[in-house]
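I opened my notebook to look through a new structure step by step. Here it is, so that you can follow along.

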Amino acid sequence: MYAPTSPCLPFGHEQEVKSYLENRGFDSFQPQAVLFDMDGVLYDSMPNHARCWQEAMAKFGLKMTAADVYATEGMRGVETIRLMVKAQQGRDITEDEAQMMYDEKARLFGLLPKAPIMEGVLELMEKIKAAGMCIVVVTGSGQLPLIERLQHDFKGFVTADKIVSAYDVTRGKPAPDPYLMGLQKAGNLQPWQGIVVENAPMGVRAGVAAKIFTIAVNSGPLPNATLAGEGANIVFDRMTQLRDTWMSNHD
């Protein structure tokens, strides 16, 4: 039975919510937390990441295109590297070796100007907070300066105990583990009590695997159909569209 009894539904897509409940076998959709991915969702940072991934991996004899970066975004960096090495060089490397390679990518990223906060996200968080909902950040990043920046840029919305990073899980996206951990950090919530906001195929797949209602905001070069094909319940073209949809339903 479709029973969206929460007063803080952020969108008017009633049919999509109904389909979600029917497909998952849940009785109600009562979101108490919004779980945001970081790169490409909270920060317009993917162009910087693409540049650094390509430059860093080339130093280790690996070819990585911008499309590869967007397709694997959300995964733990060390997992991405280990998969690339296996595919391109036919060898298995240790977590430590992959971490050393990832550290070079992180070093290059740190040399670039800081990526701006995604337009519309602060206003969206204000609405979420006003509705009494919890905000959690779920990222595959292991870059500590970036994780520390979250608490500064989103002060009043994001706290250290509500951040899931690469250090919190063994299996990163597209496994459901990061978002299941996010539900736990939000207060041991059930999947039907959360909303995922993602921008990348691997992240959407993770949210869907965790059985959470998943919204995709397409901030990259991939077509909307790619995100919908991974199971996103709704796809928006940009963060401001999600912000405006939320605000138009609650102002």
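**Entry 1: the sheet**

I started with strand S5 (residues 213-217), which runs parallel to S6 and is joined to it by three bridges. Strands here are DSSP runs of E with at least two residues, helices are runs of H or I with at least four, and both are numbered from the N terminus. Two strands pair if DSSP finds at least two bridges between them. I looked up Val217 and found that its bridge partner in S6 is Phe236.

A note on the source: this is a predicted model, in which local features need pLDDT of at least 70, side-chain atom pairs count only at pLDDT 80 or more, and totals for chains, interfaces and linings use all residues. Residues are numbered from 1 along each chain as its sequence is written, and side-chain values use heavy atoms, with hydrogens and water left out.

What is the order of the strands in the open sheet? I read S3-S2-S1-S4-S5-S6, six strands with parallel pairing. At the edges I found strand S3 (163-164) and strand S6 (234-236), each pairing on one side only.

**Entry 2: helices on the sheet**

I saw that helix H6 (residues 121-130) lies across strand S1 (33-36) and strand S2 (134-138), and runs at about 155 degrees to S1. Angles run from 0 to 180 degrees between N-to-C directions, and axes are lines fitted to C-alpha atoms, for helices over the stretch in contact. Helix H9 (residues 201-209) also packs on the sheet, where it touches strand S4 (194-198) and S5. The direction of H9 makes about 165 degrees with that of S5. Contact means heavy atoms within 4.5 Å.

**Entry 3: helix against helix**

Which helices did I check next? I took helix H2 (residues 46-58) and helix H5 (residues 95-111), which pack at an angle of about 135 degrees with their axes 9 Å apart. The contact residues divide into eight nonpolar, two polar and three charged. Ala, Val, Leu, Ile, Met, Phe, Trp, Tyr, Cys and Pro count as nonpolar, Asp, Glu, Lys and Arg as charged, and the others, Gly among them, as polar.

I then turned to helix H4 (residues 77-89), whose axis comes within 9 Å of that of H5 and crosses it at roughly 105 degrees. That makes H4 roughly perpendicular to H5.

**Entry 4: backbone and confidence**

I found a cis peptide bond between Lys173 and Pro174, with omega about 15 degrees. Pro174 is in the loop between S3 and helix H8 (177-185).

Last, I checked pLDDT, the predictor's confidence in each residue, from 0 to 100. The chain averages 90, and 94% of the residues score at least 70. Over residues 1-8 pLDDT stays under 50. Where pLDDT is low, the predicted coordinates should not be read in detail.

How values were computed: Angles under 35 degrees count as roughly parallel, over 145 as roughly antiparallel, 65 to 115 as roughly perpendicular and the rest as oblique.
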